[in-house]
Amino acid sequence: MRLPTLARTAAAVTVTAAAGATVTDASSRWYQRLRKPTWQPPPVAFPLVWTPLYALIAVAGARVLDRTSETDRAPFTRAYGLNLALNFGWSALFFKAHRPTIALAEIAALNVSNLVLLRRASQADGVAAVALAPYVAWTLFATALNGTVVRLNSNR
């Protein structure tokens, strides 16, 4: 993995994380009033989980980009960019727009995008695929959490 590539993927991931943080307010009155499952992690867990996940996404992206052919690099770059946009989009839909149902549909698209990235990573570099696996797992967990919030608040 080359440092310039890692710098580019880290910058893209950092922009995504920062943008997501600007639209996420777990202390908002709207969010506090939502019914949430008992198995939801405490608020402090989310930055503790997302920080290493974002680092792994950056490392995985750099490893794949440095190990793919010129013809495979552009499609991976587009898939990676779309994934980061979907990653941010969920936060914007759920926390900023207060639309958990639409966010649930959006996170389903993010899961598909994650699987595409995981497949492409596994074709290029096994370490990159292993690095993406926790992100894929966490997003599936977040999908279950989002779905449960939708169900628990369906009559509100």
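Trainee: Where is Ser27 found?
Mentor: Ser27 sits in the loop between helix 1 and helix 2 (29-33); helices here are DSSP runs of H or I, at least four residues, numbered from the N terminus. Bear in mind that this is a predicted model, where local features need pLDDT of at least 70 and side-chain atom pairs count only at pLDDT 80 or more, while totals for chains, interfaces and linings use all residues. Residues are numbered from 1 along each chain as its sequence is written, and side-chain values use heavy atoms, with hydrogens and water left out.

Trainee: Is Ser27 buried or exposed?
Mentor: Exposed, with a relative accessible area of 59%. The cut-offs are under 20% for buried, over 50% for exposed and partly exposed in between, using a 1.4 Å probe on protein chains only.

Trainee: And how far apart are Ser27 and Gly61 in space?
Mentor: They are 32 Å apart, C-alpha to C-alpha, and 34 residues apart in sequence. Gly61 is one of the buried residues of helix 3, along with others including Trp50, Ile57 and Leu65.

Trainee: What covers those buried residues of helix 3?
Mentor: The cover includes helix 1, helix 4, helix 5 and helix 6.

Trainee: Switching topic: which residues have the most contacts inside the largest nonpolar core?
Mentor: Val13, Ile57, Tyr80, Phe94, Leu132 and Tyr135, in a core of 32 residues. Such a core is a set of buried Ala, Val, Leu, Ile, Met, Phe, Trp, Tyr and Cys residues joined through side-chain atoms within 4.5 Å. Helix 3 (45-67), helix 4 (70-96), helix 5 (100-124) and helix 6 (126-152) each give it two or more residues.

Trainee: What is Phe94 in contact with?
Mentor: Leaving aside neighbours within four places in sequence, Phe94 is in contact with residues including Trp30, Tyr31, Pro100 and Val149. Contact means heavy atoms within 4.5 Å.

Trainee: What about His98, where is that?
Mentor: His98 is in the loop between helix 4 and helix 5. It counts as partly exposed because its relative accessibility is 35%. Its phi is near 60°, a positive value in a residue other than glycine.
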